[in-house]
Amino acid sequence: MAVLPIKNNFVATSFQGYGFSEFKESKVGFAYAKNFGPRLTLGLKTTYHQLKIAGYGVTTGFSLDAGAYYQLTKELAFGAFAANVSKQNYTNKETSVYIPVSYNIGLSYSPNDKVLVAATINKVLKERVDVGIGIDYQIIPFFGLRGGLTVNPFKQYCGFGLKYKHFTLDMASVFDANLGYSPQMAISYAF
């Protein structure tokens, strides 16, 4: 992901890839966000989706996401976003895979500069409501530990983050009873 701040505006692009030779999912996104004063930020994101399944070919689709962030107090913040608000699907009618529609709200509490506690409620259409909680603890200024869990389905998360000047490296692992461990990595640069 790359984010470019321009005064009170932000433009961003992102790329995600997942899968193996028989199944590959790719997403390319473009986002725009604007600050409306020191407390409120609103954003929109459009994403191009591509799905390749051996024996079924390739299908594509677009989605639109919208979100808001509000800083209630110095310690407390609220956020909400809707993914695929346009309820778009893949273009290939031979696959029954759809682009998920979800509604999400979250709350974060940071009592000091070392601890952040966050909670979320997520609803993906056609699925049960999921609730999650997580904690981030900055042991030293450039290194933090993270952990959390969600309930539907039950998953456990753990990871760490490293910051060096403008660069950030985040590593995490998710444990799912059905899938086992899934490692994740994110690299970012802040201007």
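Which side chains meet in a salt bridge of 2.6 Å, N to O? Let's walk through this predicted model and find out.

The pair is Arg146 and Asp170, whose side chains come together at that distance. As for how open they are, Asp170 counts as partly exposed, at 23% relative accessibility.

Searching the whole structure turns up 2 salt bridges, and Arg146 has a part in the other as well: its side chain meets that of Asp136 at 2.9 Å, N to O. Here Arg146 in strand β10 (residues 143–151) reaches Asp136 in strand β9 (residues 129–140), so this pair ties together parts that are 10 residues apart in sequence. In general, side chains of opposite charge can pair when their charged atoms come close.

What about the surroundings of these partners? Arg146 is partly exposed, with a relative accessible area of 30%. Asp136 has a relative accessible area of 15% and is buried, because the cut-off for that label is under 20%. Taken with Asp170, these residues form one network: salt bridges that share partners join Asp136, Arg146 and Asp170.

Now let's visit another spot, Thr41. You will find Thr41 in strand β4, which covers residues 40–53. The side chain of Thr41 makes a polar contact of 2.6 Å with the side chain of Asn35. Leaving aside residues up to four places away in sequence, Thr41 touches Ala33, Lys34 and Asn35, along with Gly67, Ala68 and Tyr69.

Notes
Residues are numbered from 1 along each chain as its sequence is written. This is a predicted model: local features need pLDDT of at least 70, side-chain atom pairs count only at pLDDT 80 or more; totals for chains, interfaces and linings use all residues. Side-chain values use heavy atoms; hydrogens and water are left out. Helices (H or I, at least four residues) and strands (E, at least two) are DSSP runs, numbered from the N terminus. A polar contact is a pair of N or O atoms within 3.5 Å; within protein, one must be able to donate a hydrogen and the other to accept it, and residues adjacent in sequence count only if both atoms are side-chain atoms. Contact means heavy atoms within 4.5 Å. A salt bridge is a side-chain nitrogen of Lys or Arg within 4 Å of a carboxyl oxygen of Asp or Glu. Buried means under 20% relative accessible area, exposed over 50%, partly exposed in between (1.4 Å probe, protein chains only).
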